[in-house]
Amino acid sequence: MKPVLLLGLFFALSTGCASGPHAASSPSDTRPGMAESSAITSIANHSDYIWKDMPWGVVVAHTDAEVTSAIIEYEAANTALREHFDLQDQRGAVIVNSIASERDQIERVFDLDWVMPWDFGLSELSTEDQETESSPEPSDAQRASMRQQIVDQLSAGGGEPDPEMVETIYQTALKQFAEQTQTVSTDSIKPLRHELGHMLFVHGVWAIDDDVQQYASGAPDWLDETAAVLAEDPVLTERRREHIKELVINDEIMSFEDWFNMQHPVYGAAMKLLAQRMEREGDGPSTGAYLFTVDDFEAAGLEIDSGAADFYSMSRGFIDYLAAKSNDPRALQLITQDLKDGVSMDEILYERGAAFGLPQTFEALDKDFADWMIGQA
């Protein structure tokens, strides 16, 4: 199976972190007093919603199974990231997408650091289920969820997102959704776990830089995506590994120097397309959203599909390689702290490479990584 992500689902969302690991509780209904908001009180008293308080925040969903799913996925993501990063404690919420309009009030009432709307129908993606669909087109609910999650990611630092950017990334997400649903596999992947990885990292490790226009957190894009890949389920993890092996064996892998310094391929492609459109039409303010299709990307010579798959798989490969060479799960945290302190990756390799069991130059790193990957094949 081609390891292409559903960009509307796996795209970095807004924010997040949480408290330390703890056992998942049974999803019995919890309806705390919420007199501060009549809208939230109405939701809390509605039989269609189940509220569950957790040590790390709140889950709101339609069924016990959805609540349990959110708790399990949070626990898995939280545990995975805590093995590699010094996460700051935060409180958040995973809420069913149908009450996304109340997210700001929920955040205030429950004193939360983040709220993530989620389409629980997409919490586990099985292509066995997808093969019964008559069309690869997403449902209206799925489309709404995709768009909302893209808006959440782009507005996470505050302010209104650029509608042109939202539409550009949304159209790309639709294309990759169609490709994913047409792929045959009996396995399941859990996109919620990946998204929670982004949220934990943004609020728990490296906050958004409001002064810098980039993919998600204030970290380099490769590190932001690596944090989310760390949180992924075993099925998707193995697909990443198979893909990076294929790239190495076929001598199609990008250099680490490029990977460490590149924008996320989808975000980068969207920015380039917007720049081309603005250059043609002038620098004045837009009166509405520009509609960009996949054909627009292709016409502009901007490839996004394979680049995104390669980008994610490089994260998985580097995680495994660093763990094997350093024998230290905290190596990624040390690299992260150096980067936050303004040290570049080439400087980190030169100064810390030997301590991590890594080569001290990009060129040597490329060769050693390829040799190591071939040895794993």
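**Salt bridges, cores and surface**

Reader: Which helix holds R241 and E238, and how far apart are they in it?

Author: Both sit in helix α10, residues 234-249. They are three residues apart, so about one helical turn separates them. Bear in mind that this is a predicted model.

Reader: What do the side chains of R241 and E238 form?

Author: They form a salt bridge. The closest N and O atoms are 2.6 Å apart.

Reader: Which residues are in the network with R241?

Author: E238, R241, R316 and D320 are linked by salt bridges into a network.

Reader: How many salt bridges in total?

Author: The count comes to 11.

Reader: Pick another one. What does R330 pair with?

Author: D86. Their side chains meet in a salt bridge, with an N to O distance of 1.9 Å.

Reader: What about D89? Which partner does it have?

Author: R82. Their side chains form a salt bridge, 3.0 Å from N to O.

Reader: Why is D89 called exposed?

Author: Because its relative accessible area is 53%, and the cut-off for exposed is over 50%.

Reader: Switching to the inside. Which residues touch the most other members of the largest nonpolar core?

Author: W51 and W222. That core has 76 residues.

Reader: Which element gives the largest share of this core?

Author: Helix α14, with eight residues.

Reader: What is in the second core?

Author: That one is separate and has eight residues. Among them are I150, M165, V166 and Y170.

Reader: Which helix gives the largest share?

Author: α16, with three residues.

Reader: Take E257. Where is it, and how accessible?

Author: E257 lies in helix α11. At 43% relative accessibility, E257 is partly exposed.

Reader: Now backbone angles. What is phi for D251?

Author: It is near 55°. That is a positive value, and D251 is not a glycine.

Reader: Where is D251, and is it buried or exposed?

Author: D251 is in the loop between α10 and α11. It counts as exposed, at 67% relative accessibility.

Reader: What about phi of N327?

Author: N327 has a positive phi as well, about 55°, although it is not a glycine.

Reader: Which loop holds N327, and how accessible is it?

Author: N327 is in the loop between α14 and α15. At 69% relative accessibility, N327 is exposed. R330, the partner of D86, is in the loop between α14 and α15 too.

Notes
Residues are numbered from 1 along each chain as its sequence is written. This is a predicted model: local features need pLDDT of at least 70, side-chain atom pairs count only at pLDDT 80 or more; totals for chains, interfaces and linings use all residues. Side-chain values use heavy atoms; hydrogens and water are left out. A salt bridge is a side-chain nitrogen of Lys or Arg within 4 Å of a carboxyl oxygen of Asp or Glu. Buried means under 20% relative accessible area, exposed over 50%, partly exposed in between (1.4 Å probe, protein chains only). Helices (H or I, at least four residues) and strands (E, at least two) are DSSP runs, numbered from the N terminus. A nonpolar core is a set of buried Ala, Val, Leu, Ile, Met, Phe, Trp, Tyr and Cys residues joined through side-chain atoms within 4.5 Å.
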